[in-house]
Each structure stands twice: as C-alpha cells, then as structure tokens.
Amino acid sequence: MLCNEFDPDFRAIINPEDCYQPVEGFPEICIGIFSKPIIDWVLKTYGGEEISHFGCCLGPIPIYKVEAFGAAAAVFMPLIGGPGAGTTIDECIPQGGRCFVYFGAAGVLEKGISHGKLLLPHAAVRDEGFSYHYLPPSDEVELDKASVSACRQALEELEIPYALGKTWTTDAFYRETRAKAARRREQGCISVEMECASLAAVAKFRGVPFAQFFYATDTVGEDGWDNGILSQRGAGLEEMCFHAAMETGKRLKNLANEQEM
C-alpha cells in the first residue's frame with residue numbers, strides 16, 4: 001500500500017525554506033480560519049496589515065498581521081482539505097511562525113452533543129492521505145497533550161462550553177456513509193471535518209505546537225444528514241471563536257518559550 005511508504009528523511013527534494021524566507025515582524029502566533037465571513041469580520045473589527053501571502057494557482061492567499069487581546073497573530077484563510085491546509089503550517093514556519101491554532105466548521109456525529117458548545121479534538125482518525133507523508137501509518141494521530149490543554153484552559157477561562165473527543169478527518173464528504181459514520185462513533189469520534197489529522201501530522205513532524213477547535217454546523221447522524229446552520233458559515237460566532245484562538249495562541253507561545261529554556 002502506498003500509505004505505508006512514509007519516509008522519515010527530514011529533507012525532501014523541495015522544502016518550505018526553499019520557497020519562503022523570513023518576513024520581518026511575522027508573528028509567532030498563526031491562526032488559520034476556515035470561514036471567509038469570520039476572517040472578514042476580524043479584519044473589519046481589529047484591522048489587519050497584509051504582511052505576506054501563500055502562493056497558489058488560484059491566486060495568492062493573503063496573510064494578515066492582526067493585533068488583538070494583547071498579542072499579534074498572523075491570520076489567514078487556509079484552503080479546504082488536508083493538503084491545502086496542512087501546507088500552510090509548512091509555509092508559515094520559515095516566515096517566522098511558531099505556534100498554530102486553527103478553527104472552523106465541523107459536522108457532529110450525534111445529535112445534542114454539541115448544543116451550545118465548541119468541539120475540541122484530542123485525536124483525529126486519519127481517513128485522508130496527506131498525513132501519511134508526515135507520520136508512519138496508524139489509524140489515528142493524537143494531538144499534542146500540552147497544546148490541547150492550552151486550548152482547554154483558554155476556553156475555560158473565557159467560560160466557553162466545549163465537548164472533548166476524537167474527530168474524523170476525511171478527504172471525501174460525499175462518501176460519509178452510514179456504515180463509516182457508525183464505525184467512527186464506535187471509535188469515539190464526535191465530529192467530522194477535512195483537515196485536523198493533516199494539520200496535526202505536519203505539526204508533529206515539524207515539532208511545533210498546534211491546537212484546533214470547531215463550531216458545530218450540521219449533523220451526520222444515524223438518521224442521515226441535517227444541514228443545520230452550515231449555510232451561516234459561522235455568523236454570530238466570530239468574537240467567541242477569534243478570542244478563543246488568540247488566547248490559545250498566547251498559551252502555545254508560552255509553551256514554546258518554556259521548551260526552549
């Protein structure tokens with residue numbers, strides 16, 4: 001199987017540092033937001049200076065420096081899916097990024113589990129392909145415990161309810177069958193999305209702190225699909241999610257500094 005061909009060689013033929021150089025003033029905290037309405041709200045509310053971009057055949061993806069809640073962060077909107085999202089960690093590091101927080105929508109696998117709560121993954125089922133280029137084969141990737149704890153602390157300090165559990169990362173949302181969803185529930189998954197396993201794998205391979213959380217939009221349950229608030233794209237959750245991401249990023253930065261001492 002091709003997914004068994006993981007190569008631990010840290011140097012590849014093409015490396016992120018071959019394509020991206022340090023950017024003066026690039027924040028160490030990096031926040032990926034999977035929602036255009038939310039990132040537009042952040043820029044309108046707090047302002048933002050475009051300091052760099054990710055190169056992409058669809059056009060450049062801007063990276064903004066945003067100052068809020070006593071810290072500065074590099075804020076951007078990753079592409080959907082493991083390769084597009086995971087590569088943004090790789091490409092932020094040579095520019096100056098050190099700590100990574102991502103948030104966006106996820107479906108829930110059981111009705112009622114997410115009512116009024118954010119979803120916080122501590123592990124991701126690797127039902128995608130990107131992570132197998134960064135870690136040896138396994139069913140799941142466990143997120144760094146200290147980084148998950150940092151996010152929990154931020155949510156609790158802000159009094160934001162959350163549900164902790166595994167997430168199911170898939171490449172193909174049109175192939176989320178009832179049988180697969182049932183197996184994922186048996187594995188302890190409470191959510192389904194398309195990036196977490198990939199992001200966590202890159203973070204582990206590169207040795208950088210990473211945390212992610214989701215706001216629940218739709219339900220992929222035993223009775224089928226309820227699209228819920230998917231079409232709202234995070235409307236009304238902007239302040240809560242961005243504040244949680246910034247507070248998490250500040251804690252991850254402190255962790256990184258402690259590890260270097």
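Of the 261 residues of this protein, 51% count as buried. The model is a predicted one. Its secondary structure amounts to seven helices and 11 strands. With a radius of gyration of 17 Å, close to the 18 Å that the globule rule gives for 261 residues, the protein is as compact as a globular protein of that length. Along the principal axes, the C-alpha atoms fill a box of roughly 50 × 45 × 40 Å. Among contacts in the protein with a separation of 6 or more, 74% join residues 24 or more positions apart.

In soluble globular proteins, nonpolar side chains tend to be buried together.

| Core | Size | Residues include |
|---|---|---|
| Largest nonpolar core | 72 residues | I31, I33, F103, F210, F213 and F242, those with the most contacts inside it |
| Second, separate core | six residues | W168, A181, C189 and V192 |

Within the largest core, I33 is one of the residues with the most contacts. Leaving aside neighbours within four places in sequence, I33 is in contact with I38, I39, V42, V75, F76, M77, P78, F103 and F242.

The axes of helix α2 (residues 36–46) and helix α7 (residues 238–260) come within 10 Å and cross at roughly 80 degrees, which makes α2 roughly perpendicular to α7. Helix α2 contributes I38, W41, V42 and Y46 to the contact, and α7 contributes E238, E239 and F242. By type, the residues of this contact divide into five nonpolar, two charged and no polar. F242 of α7 takes part in this contact and is also among the residues with the most contacts inside the largest core.

How values were computed
Residues numbered from 1 in each chain as written. Predicted model: local features only at pLDDT ≥ 70, side-chain atom pairs only at ≥ 80, totals over all residues. Heavy atoms only, no water. Axes fitted to C-alpha atoms, helices over the stretch in contact; angles between N-to-C directions. Helix = DSSP H or I, 4+ residues; strand = E, 2+ residues; numbered from the N terminus. Parallel < 35°, antiparallel > 145°, perpendicular 65-115°, else oblique. Contact = heavy atoms within 4.5 Å. Nonpolar A, V, L, I, M, F, W, Y, C, P; charged D, E, K, R; others polar. Core = buried A, V, L, I, M, F, W, Y, C linked by side-chain atoms within 4.5 Å. Buried < 20%, exposed > 50% of the residue type's maximum accessible area, 1.4 Å probe, protein only. Rg over C-alpha atoms; globule rule 2.2 N^0.38 Å.
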